[in-house]
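Let's take a friendly walk through a structure together. Keep the sequence and the 3D view at hand as you read.

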Amino acid sequence: MLLHLFALLVAASTALLIFAGGLVTSTGSGLSVPDWPTTYGWFMFTFPLEKMVGGIFYEHSHRLIASGVGMLIVVLAAWLWKADPRAWVRRLGYIALAAVVTQGILGGITVLWFLPDAVSIAHAGLAQLVFCLTVAIALFTSPGWKRAYAGRGPLNPLDDGVLKKLAAATTAAIYIQIIAGATMRHTGAGLAIPDFPWAFGRLIPPMWSGPIAIHFAHRVGALAVTALVLATAGHVIYHQRSRRELTRPSLLLLALVAIQITLGALTVLTGKHYIINSLHVVTGAMVLGTSLVLTLRTYRARLTDAVRNPAYVHASRAGAAERTRRSEARA
Amino acid sequence: MRRGIHIGSLILAALAAACGGNSENAAPATPAPTVSPVDAATAGNIAGKIAFTGTAPKPAVVRMDSDPNCVQPGVTATDESVVVGSDGSLQNVFVYVKDGLGSLRFPIPAQPVVLDQKGCHYVPHVLGAQVGQGVEIVNSDQTLHNIHAVPMANQEFNTGQPLAGMKHTHRFSTREVMVPFKCDVHPWMHAWIGVLDHPYYAVTGADGSFSLKGLPPGTYTIEAWHETLGTQTQSVTIGEKESKDIEFSFKA
């Protein structure tokens, strides 16, 4: 249980890091600290607080939070290695660690190379994957997931192929939409279409350029994601109403998508206000994480069967049998 | 934490001492003549004034409170992108010979031009330099700046000056009008440098005037560049020892 709570803390910290990263881009502070891994020649953790002024506040805070998240993921990976009997979960910890290290290096490279679009977009895309990994680990270490895994609770496999495909497609579409959003942000196309909900007063932009196309693609992507989320959540509510582990993330997903669309509209209408813009980024991560949880739950039985550690299951089942025997004896 | 800061300061001081508090980024050396090819006995001048017509925009107030070191009590900082004098003269216009010098090559001045960071502003806001000439960037503020040049033809650079008094000298390797400079710490800070392969350029001051002196006789394309109002060109012919006055007028 402690491990699960710690994994939740790591996931929450990663979301905070994504918000801080959004602030860096939204305030144009990405190059306010020109060196890396040092900060104006100082070792990162000894940089004087009184010098965290202007854009440095956002960039250096992002670096400090990133270091903190990196350390938390090191602890998480070590904890999983020591405490979790499932090899595939331990492996997920190592992958998260490798991903966060790569993410840090990408962040450094993008500063040293003056924020090339491709590297900055990769940095944004990998951030979401790191978040997904921490969310997945938090889910896999949760009591609810492990109960089914260890055979202590009813496996109750989900026999709904349509939902599995829908949920997986929704998660993939959200990720693609986030990459489209990152491309829009890092290529400076965030206000290429200055009005909302129209595009230059029309449904389809009357003129085209690279930035307008990127911006419009993000809007079309939002419609596609919304349609997929509605389809997935509608399917769950209509066909799987009794399964709370599916209805709860579905309802949360609907709420988050509504918030996300509102934030997207406000981002345009406020001329990219840096707080709203950054909230739009982190809410995107929340939408992705929630959809991922829903998807993984639809595949829970398959994941359990496919990667079951025989020794762990045997021990768990033996323990369950022992508990049953004792309770029967007491009775 | 205090000890950590102390160690960091020592590291920084050691770095600064190693570099003498300065840093230099040199463009590849290109052989240049040491003597001007222009015969001073026949050289002429082009001078003039830049006017602004229409209603001058009210300078926007710049909020600098994201860095308390930049805020001076009782002083309201304003945007420098369009500075119009009371007589309608336009300041910060870069005027230069765009074309007409043919294959003439000129010595590179030994003295650097200076771009100061003072009161969280670049001083001057617009300046010129020759290819290969030193551009000395100085931090006169009690706060830290990064100097981020974003050229198209030259090499981009971004360097930090965390301490007052630090200097960085850069030499541009190719002609470019204009090279934007910015400070990402203080997003209101912008400067522009015109990099040319000859010495015939000027920046208009408060009275909007400029002067291009010592030009050999010939026909020249003179361009006036302004950061928000665009560019204008005129063709001017000067004879031996002739001086001509020209005027540019930018509209709101």
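Two strands pair if DSSP finds at least two bridges between them; helices (H or I, at least four residues) and strands (E, at least two) are DSSP runs, numbered from the N terminus. This is a predicted model, in which local features need pLDDT of at least 70 and side-chain atom pairs count only at pLDDT 80 or more, while totals for chains, interfaces and linings use all residues. Residues are numbered from 1 along each chain as its sequence is written, and chains are lettered from A and ligands numbered from 1 in the order in which they are written.

**A sheet in chain B**

Strand β2 (residues 44-53) of chain B pairs with β14(B) in the antiparallel sense over five bridges. Within this pairing, B:Lys49 stands opposite B:Ser209 of β14(B). Both strands belong to an open, mixed sheet of three strands in chain B, in the order β14-β2-β17. Its edge strands, each pairing on one side only, are β14 (209-215) and β17 (243-251) of chain B.

Beyond its neighbours within four places in sequence, B:Ile50 is in contact with residues including B:Leu90, B:Thr204 and B:Phe248 (contact: C-beta atoms, placed from the backbone, within 7 Å).

**Helices in chain A**

Helix α3 (residues 87-112) of chain A has 26 residues and should span 38 Å at 1.5 Å a residue, so the 38 Å between its end C-alpha atoms agrees; the expected span is 1.5 Å times one less than the number of residues. Among the buried residues of α3(A) are A:Leu92, A:Ala96 and A:Val100, and their cover includes α2 (54-83) and α4 (117-140) of chain A. Just after α3(A), A:Phe114 takes a positive phi of about 65°.

| Helix | Residues |
|---|---|
| α2(A) | 54-83 |
| α3(A) | 87-112 |
| α4(A) | 117-140 |
| α1(A) | 2-26 |
| α9(A) | 274-298 |

Helices α1(A) and α9(A) pack at an angle of about 145°, with their axes 8 Å apart. Axes are lines fitted to C-alpha atoms, for helices over the stretch in contact, and angles run from 0 to 180 degrees between N-to-C directions.

**Where the chains meet**

How many residues of chain A are in contact with chain B? There are 20, and they touch 23 residues of chain B.

Conventions: Two residues are in contact if their C-beta atoms, placed from the backbone, lie within 7 Å. A residue is buried if 20 or more other C-beta atoms lie within 10 Å of its own, exposed if 12 or fewer, and partly exposed in between; C-beta atoms are placed from the backbone.
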